[in-house]
Amino acid sequence: MQKYSSQVFIVTLSLLTLLDTVSFIFLSPTLAQTTTCQQRQQQDTQIQINILVSDFEQDIPAGKNEQAISRINQAIQIALKAQNPTVTRTFLSQLVDSYLPQESLLGRLAQQIEPSQKPQLRQLLTSLTSLTQSLNSGYSVAKTQSLTRIANYFRIIGEQQQALSLLTQALTTSQFIKGAEFQTKALTPIAQEYLALKQTVEAEQILAQSLQFAQQIQPQEPIRRVLVLETIAVTYAQLGKIERALQLVTSISDPYYRSKIRFEVVKQLTQKNQLEAAQKLAQNIETPEFKGRSFVEIALAAGNKGQQQLSDQNFAAALQATGNDSNAVYLQAPLIQTYAKGGQRDAAYKAVQQLQNVEQKALTLGIIANEYSKAGQLQKVEQIITELTPLIQTPEAIDNVGFLQNILANSLAEKQYKLAFDLVSKTKRNDFMGREDWLSRIADAAIKARNIELPLQIAQNLGEADIDQRNRLLQKVAEGYAQNKQLERALSIVQQINNSGNSLDKVQTLALVATAFGKTAQTDKLLNQATAEARKLAPQQRAFALASVAQAFLKIGNQPQAKKLLAEAIQAVQTEKDSSVRDNLLQRMSEPFIAAKQYNAALQIIQAIPTTTRDYKLPELAKLVIENGNDASEIVNILSKNTKNPENKTRGLISIAETYLRAQKIQSVKQVSDLAFAAAKTISSPESRVLTFGNPPDITVVDDDGDRASSLEKIALLKAKIGDYNQALVVAQVIQDKKLRGQLVQQLLCYKK
């Protein structure tokens with residue numbers, strides 16, 4: 001249990017001695033205690049939100065969009081209930097703060113959302129708007145920024161009217177902002193959003209207001225004024241107000257930002273086909289980076305109009321402008337890449353030969369190869385692959401964060417799956433540890449793009465050394481054909497899977513194919529065939545094969561057969577004598593069911609885990625069940641009745657109660673915390689323990705948060721947080737140490753209504 005060195009509210013020894021429910025019913029916090037209570041409650045709320053935001057942050061790269069939306073909806077409800085503007089502001093900052101809107105947590109989610117998930121995201125953004133609107137005028141800066149960012153996310157998913165409505169609100173809210181610098185920082189993003197929505201008149205009007213505020217800024221650090229003026233000038237350039245943008249250049253002392261503005265003006269001039277004016281301006285740009293980028297913009301514009309000589313001249317000028325810089329290779333490589341993407345493949349290919357840095361040369365060659373591939377110039381592609389091969393064989397290239405990863409990612413982004421596969425195949429099999437993952441990614445992307453023949457070709461070209469990878473690719477191909485309702489073609493692919501070595505790939509594939517587009521006349525027949533094949537395998541493979549078939553039965557709604565096969569699969573695992581091996585096998589077996597949100601099946605497996613790992617897995621599963629809007633009472637009962645270790649039982653029940661609390665399931669919190677209280681009282685003495693880590697003299701001593709006193713403290717606080725103050729005091733009374741008990745009661749007073 002946590003110890004407190006200072007006390008704001010003092011409880012006398014006589015009260016401590018007579019500690020019971022009645023004794024404390026009528027105590028009221030002092031003013032100082034009230035302040036402490038507010039801070040504590042704010043901290044509690046923030047911790048609950050932080051847990052959800054942290055999980056949300058992990059969901060995004062994993063592509064778990066629906067789960068991510070669910071978590072943030074929970075956090076919104078917690079923030080709305082708290083009615084604490086500081087908590088709301090912090091929460092909104094966590095979601096929307098970033099230099100660029102698309103780089104924020106919500107921006108990343110909005111960009112990767114699937115079309116079918118847009119209604120869910122729309123509802124989330126609507127709820128987030130309501131939370132933002134709850135902020136009063138004292139938080140106008142955060143309120144304006146959040147409304148502007150939410151408008152951006154609505155625009156990303158195609159909700160233009162909603163975006164415009166929010167921008168109107170943001171503009172109104174900005175009027176309550178104090179201070180010229182804050183006002184201009186609020187108004188310029190609003191103008192940029194109006195511009196993105198092609199509302200140019202409104203954008204220009206708001207930008208003019210922003211400029212008026214910017215010109216009033218007299219900060220101690222001049223760079224702050226430069227930054228706001230630069231953003232305004234760039235936005236003017238993007239609006240096509242070239243003269244206004246160039247006028248602002250004279251107000252900016254930093255050459256980098258002057259150059260950036262002029263580059264934006266050059267882009268506008270090239271779009272208007274004013275190439276001579278663009279060239280003249282580019283000559284006056286001060287920094288090599290923006291000067292080079294400006295000449296490339298001119299070169300591309302000239303090339304698009306058939307003025308190849310002028311294009312070549314400006315591209316040469318771009319390379320010359322950056323050639324003498326100390327970071328020349330890092331400036332020139334992006335210029336060559338941009339030129340290639342603009343259709344100037346041959347000139348880019350010629351220019352890349354002068355790059356001396358291996359990584360930059362390889363990355364640029366990869367991009368040029370993509371462009372030749374898109375243009376159907378396959379001989380050129382083969383030529384570049386030959387040139388790339390020695391460059392991507394180095395340890396620096398094939399490392400987990402090596403540049404081959406970027407080359408392959410670029411090819412996938414450009415949908416050049418054949419090129420990506422050819423590059424992977426050129427790596428030495430034993431050296432490139434990510435090879436199998438990339439083959440799977442390429443196959444998945446190709447199949448999603450309805451190019452099933454390519455992964456089939458890839459699989460058929462793999463040799464005996466890659467038999468496992470070949471089987472997995474054929475599995476993806478078979479499932480792809482089945483999803484396209486080409487069942488006979490899918491079944492023919494199943495027959496190509498090599499079942500030697502007691503492999504379960506064939507059974508798994510057959511199960512996937514059988515249910516790829518729902519239940520059909522052949523489904524049961526195929527699943528029965530898969531079951532028969534599974535039963536021929538050795539115990540470990542049989543277990544996983546039967547689990548795959550069980551999952552297929554669940555997919556078509558046949559729960560009884562799925563449960564029966566899972567029991568058989570678990571029985572096959574039980575033949576393994578080593579309990580730690582059984583533990584590992586059952587955990588692995590449960591993972592596909594958890595991923596598919598088939599939680600009852602996962603629970604059936606986890607219950608069979610023979611070690612205390614089960615005690616930790618059950619609360620983890622309950623957390624997922626609750627967060628997906630379901631009830632975890634069955635898991636609670638199993639944990640309460642079957643877990644022998646009192647600490648594990650109590651810890652697990654508290655964890656589940658806390659998850660219910662975040663989901664605002666108050667009755668469930670009460671029921672589970674009651675069970676936790678009963679379990680906590682059985683934790684053996686001593687009441688308070690410490691844990692010691694390390695060896696002398698480097699020893700770390702920490703409180704054991706699983707001891708009886710710590711557990712009772714958590715349970716009492718859970719009771720208090722759901723408004724059951726009297727019961728919280730009952731829990732507190734069980735703590736024997738008077739000092740610890742008194743400290744806990746002080747905390748509980750914060751929750752007394």
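Predicted model: local features only at pLDDT ≥ 70, side-chain atom pairs only at ≥ 80, totals over all residues.
Side chains of opposite charge can pair when their charged atoms come close. Across the whole structure, a search finds 34 salt bridges.

**Packing of α39 and α40**

Two packed helices are described by the angle between their axes and the distance between the axes. For helix α39 (residues 708-721) and helix α40 (residues 725-733), the axes come within 7 Å and cross at roughly 170°. Angles over 145 degrees count as roughly antiparallel, and α39 and α40 are therefore roughly antiparallel to each other.

On the α39 side, the contact is made by Leu712, Ile715, Ala716, Lys719 and Ala720, and on the α40 side by Tyr725, Gln727, Ala728, Val731 and Ala732. Classified by residue type, this contact of α39 with α40 has eight nonpolar residues, one polar and one charged.

**Surroundings of Ile556**

Ile556 is located in the loop between α31 (539-555) and α32 (559-573). Not counting residues up to four places away in sequence, Ile556 touches Thr515, Gly518, Lys519, Thr523, Asp524 and Leu527. For Ile556 and Asp524, the separation is 32 residues in sequence and 9.7 Å in space, C-alpha to C-alpha.

**Nonpolar surface patch**

Val690, Ile699 and Val701 make a nonpolar surface patch of about 250 Å². Of these residues, Val701 is found in strand β2 (residues 698-703).

Key:
Residues numbered from 1 in each chain as written. Heavy atoms only, no water. Axes fitted to C-alpha atoms, helices over the stretch in contact; angles between N-to-C directions. Helix = DSSP H or I, 4+ residues; strand = E, 2+ residues; numbered from the N terminus. Parallel < 35°, antiparallel > 145°, perpendicular 65-115°, else oblique. Contact = heavy atoms within 4.5 Å. Nonpolar A, V, L, I, M, F, W, Y, C, P; charged D, E, K, R; others polar. Patch = residues over 30% accessible without salt bridge, like charges linked within 9 Å, V, L, I, M, F, W, Y side chains within 5 Å. Areas by Shrake-Rupley, 256 points an atom, 1.4 Å probe, with all protein chains shown as cover. Salt bridge = Lys/Arg side-chain N within 4 Å of Asp/Glu carboxyl O.
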